[in-house]
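Please look over the sequence and the model below before reading on.

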Amino acid sequence: MNGSDRLAKDSLPTSQPAEHPHPHHHDTENHSLGQDESVHSHIHSEESLRRIVNRLSRIEGHIRGIKTMVQQNSPCPDVLLQIAAVRGALDKVARIVLDEHLNECIARASQQGNIDVEIQQLKAALDRFLS
């Protein structure tokens, strides 16, 4: 089986949810420093959340389109071009999230007097994001 065939086979839709190879849990706590509690609550406007979720939904659809391209053995340069478009769209979402964080969360932490911890968490998150 060549790489294209393997990619196509591995990307076929399944009716079962994907299993994760490692145990973990999802919650709303901050994961950046392994602390039990987040420094602040992440309260964002409904409009902001709607915009971010809409962008992510479009990206999700774009990724499904790339998956279809691979399944149909589309030319590799075309697939790579679409992957680059998704990367750009994800970077835009990241910029929006960062902007929100700076304008809302960092400002709130400053007012509440816990700015140092918030800055430390932001630096840790940026280190992971940029690496």
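Is Arg 50 buried, partly exposed or exposed? Arg 50 counts as partly exposed, because its relative accessibility is 42%.

The model is predicted, so local features need pLDDT of at least 70 and side-chain atom pairs count only at pLDDT 80 or more, while totals for chains, interfaces and linings use all residues. Residues are numbered from 1 along each chain as its sequence is written, and side-chain values use heavy atoms, with hydrogens and water left out.

**Overall architecture**

The chain has 4 helices and 0 strands, and its elements run α-α-α-α from the N terminus on. Helices (H or I, at least four residues) and strands (E, at least two) are DSSP runs, numbered from the N terminus. Of the 131 residues in the chain, 21% are buried. The chain exposes about 10000 Å², of which carbon and sulfur atoms supply 55%; accessible areas come from the Shrake-Rupley method with a 1.4 Å probe, and for residues only the protein chains shown count as cover. Contact means heavy atoms within 4.5 Å. Among contacts between residues at least 6 apart in sequence, 68% join residues at least 24 apart.

Side chains of opposite charge can pair when their charged atoms come close. A salt bridge is a side-chain nitrogen of Lys or Arg within 4 Å of a carboxyl oxygen of Asp or Glu, and by this rule the count comes to 2 salt bridges. They are set out below.

| Salt bridge | N to O distance |
|---|---|
| Arg 50 and Glu 47 | 2.6 Å |
| Arg 64 and Glu 60 | 4.0 Å |

Arg 50 and Glu 47 both lie in helix 2 (residues 46–71), 3 residues apart, about one turn of the helix. Glu 47 counts as partly exposed, with a relative accessibility of 42%. Because Arg 64 and Glu 60 are 4 residues apart in helix 2, about one helical turn separates them. Arg 64 is partly exposed at 49% relative accessibility, and Glu 60 is partly exposed with a relative accessible area of 46%.

Helix 2 has 26 residues and reaches 37 Å from its first C-alpha to its last, close to the 38 Å expected at 1.5 Å a residue. The expected span of a helix is 1.5 Å times one less than its number of residues. The buried residues of helix 2 are Ser 48, Ile 52, Ile 59, Ile 66, Met 69 and Val 70.

A nonpolar core is a set of buried Ala, Val, Leu, Ile, Met, Phe, Trp, Tyr and Cys residues joined through side-chain atoms within 4.5 Å. The largest such core has 9 residues in all: Ile 52, Ile 59, Ile 66, Met 69, Val 70, Val 79, Val 86, Val 93 and Ile 96. Helix 2 and helix 3 each supply at least two residues of this core, and helix 2 gives the most, with 5 residues.

Leaving aside neighbours within four places in sequence, Ile 96 is in contact with Arg 51, Ile 52 and Arg 55. Gln 82 lies in helix 3 and is partly exposed, with a relative accessible area of 24%. With neighbours within four places again left aside, Gln 82 is in contact with His 62, Ile 66 and Met 69. The C-alpha atoms of Gln 82 and Ile 63, 19 residues apart along the chain, are separated by 8.4 Å.

Asn 73 is found in the loop between helix 2 and helix 3. Most residues other than glycine have a negative phi. Asn 73 is not a glycine, yet its phi is positive, at about 55°. At 47% relative accessibility, Asn 73 counts as partly exposed.

**Helix 4**

The end C-alpha atoms of helix 4 (residues 115–130) are 22 Å apart, which agrees with the 22 Å that its 16 residues should span at 1.5 Å a residue. The buried residues of helix 4 are Glu 118, Gln 121, Leu 122 and Ala 124. They cover an arc of only 160° around the axis, which puts them on the same side of helix 4; the arc is that of the directions from the helix axis to the C-beta atoms. These buried residues pack against helix 3 (76–112). The face of helix 4 turned away from its buried side carries the exposed residues Asp 116, Lys 123, Asp 127 and Leu 130.

Conventions. Buried < 20%, exposed > 50% of the residue type's maximum accessible area, 1.4 Å probe, protein only.
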